[in-house]
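Please look first at the whole chain, and then at a handful of places along it.

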Amino acid sequence: MKSSDGLLAAWRQTVARAKDSPAIFDTRGEVARRFSDIEESARDFQTKIDSFAESSVVALQIGNHKDWPSILIACLRKRLVVLPLEQSISHQQRSAALSVCHASALVNCDDIAPHVHKLHNNTSPNWDGEAPALLKLTSGTTAAPRAVRFRSEQLLADCNQICETMGISDVDLNFGVIPISHSYGFSNLLTPLIARGVPMVLSRERMPRAVLMDLARTNTTVFPGMPVFYQAFSEMENIPALPKLRLCISAGAPLALAVGRRFQDKFNRPIHSFYGASECGGICYDRNAFPAVTGLVGQPMRGVDLEVIDPMASSSQIRVRSAAVGDGYFPESDKEKLSGGFFVPDDLLTKTENGLRIVGRISDVINVAGKKVNPMEVEAHLLRFRGVRQAAVFGRASALRNEEVVACVVASPAVDEAGLLDFCRRGLSGWQVPKRVFIVDAIPANERGKISRRELARRFAAS
């Protein structure tokens, strides 16, 4: 690989400086990899991918495996394009992603080591210019898979913006329970280790109680988490002490005000909301961690410029510009949304005295007989009802009104649908009031912590 590759140049400095220092710990606090081990494994993995042509796509579906940094470094050196895949995707989704991205190989693993499987049916893509170093898979506004193209320099820029904005350095210890295959985990865990020597604990645990115990056992200082973890931690009894934990980050979904306050009361630590996107990495960060309102994401990250597209509206989309913005979508481009160093997210934001706040998404707005309903406004109202712990609002087809508002809530046994509907009628406009409120044991979320309103609409479709 050419010496101009930013991540590889940063890695050479990291491994020279921290050669014998621990890089990856397991959840028992034992050293799983030193920086020199990562380098040795990278050189070994290079021999396994020698047969692939330059600019070929290699898909990785290995979970939070300790060989992640070694495989990425090896692929960068061989000028191969890495496509991270989450472990939770279905076989059908994986097949579609491999086909759309023209993957030449799939790397997966057993409990011992990753294995390389050649995919003979795919040919390398025609990149029409410089090949990317990484493809981040995203569904966009449809169910069809597509990827975002990133060069090494853009990945490094995102890493630098995150570490400098959040004050993360090589004296910290990251806790890696969020998937490295997701943009959040890749940028907050993997690239800081490679480019800045920030060590991490790697966890495959999904039970919140076990995650909390591992946080205490490993003396973690930085926890990049999701709202679902913080909510669970706040509801636990007999919690362990966390003497070393100094920075709690929440991303993947808006952090509810009540969750942030309960966590701070219980653990005496604030949660910093972090807002980003696969297409551009980090966008905003709540530096003050001021729990003023649900959906607050704070000010732009260092090195990120934001333009409000409709400054006269109460809420608007924004245009994000930074050195970390991807080059474009693959295989089909969308130059109005992502190109030329800018990206326009689907989120609707509004300004507050404490920074920007996410108030909805263009794609989630419910059309009730011509009236536009922002589901997050209805969710915020439902969460004010005593006993309601979670709420998800979505639209489903209606023969009379185009769409109707429907809600799912997780609540205490004393809460019933009739009481919730009456509460909504007294506090919301008529077109915002849900047609039905389903009380459920849990609202399903993916491993990124996001709730799919489309999936809920399918599940609770009107008969």
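Predicted model: local features only at pLDDT ≥ 70, side-chain atom pairs only at ≥ 80, totals over all residues.

Residues are numbered from 1 along each chain as its sequence is written, and side-chain values use heavy atoms, with hydrogens and water left out.

The protein chain has 12 helices and 27 strands; these elements are DSSP runs, numbered from the N terminus, with helices (H or I) having at least four residues and strands (E) at least two. The radius of gyration of the protein chain is 22 Å, close to the 23 Å that the globule rule gives for 463 residues, so the chain is as compact as a globular protein of that length. Here the radius is taken over C-alpha atoms, and the globule rule is 2.2 Å times the number of residues to the power 0.38. Along the principal axes, the C-alpha atoms fill a box of roughly 65 × 50 × 40 Å.

How much of the protein chain counts as buried? Of its 463 residues, 54% do, where buried means under 20% relative accessible area, exposed means over 50%, and partly exposed lies in between (1.4 Å probe, protein chains only). Among contacts between residues at least 6 apart in sequence, 64% join residues at least 24 apart, a contact being heavy atoms within 4.5 Å.

Leu190 is itself buried, with a relative accessible area of 0%, and, leaving aside its neighbours within four places in sequence, Leu190 is in contact with Trp68, Pro69, Leu72, Ile180 and Gly185. Although Leu190 and Trp68 are 122 residues apart in sequence, their C-alpha atoms are 7.9 Å apart in space.

A loop can also hold a buried residue, as Thr218 shows. Thr218 lies between helix H7 (208-217) and strand E11 (222-225), and at 10% relative accessibility Thr218 counts as buried. The side chain of Thr218 reaches the backbone oxygen of Asp214 at 2.7 Å, and this side chain also makes a polar contact with the side chain of Thr220 (2.9 Å). A polar contact is a pair of N or O atoms within 3.5 Å; within protein, one must be able to donate a hydrogen and the other to accept it, and residues adjacent in sequence count only if both atoms are side-chain atoms. Not counting residues up to four places away in sequence, Thr218 touches Asp26, Thr27, Gly29, Leu173, Phe175 and Val201.

Gly167 is in contact with Ile162, Asp172 and Arg246, leaving aside its neighbours within four places in sequence. Pro254, in the loop between strand E12 (247-250) and helix H9 (257-267), is likewise partly exposed, with a relative accessible area of 40%. Pro254 touches Pro227, Gly295 and Met376, not counting residues up to four places away in sequence.

The last stop is the backbone. Most residues other than glycine have a negative phi, and most peptide bonds are trans. Ser55, in the loop between helix H2 (35-48) and strand E3 (57-61), has a positive phi near 75° and counts as buried at 17% relative accessibility. Asp128, in the loop between strand E6 (114-118) and strand E7 (134-138), has a positive phi of about 55°, but Asp128 counts as exposed at 73% relative accessibility. Arg79, which follows H3, has a positive phi near 60°. Finally, a cis peptide bond with an omega of about 10° joins Phe330 and Pro331, and Pro331 is found in the loop between strand E18 (328-330) and strand E19 (338-339).
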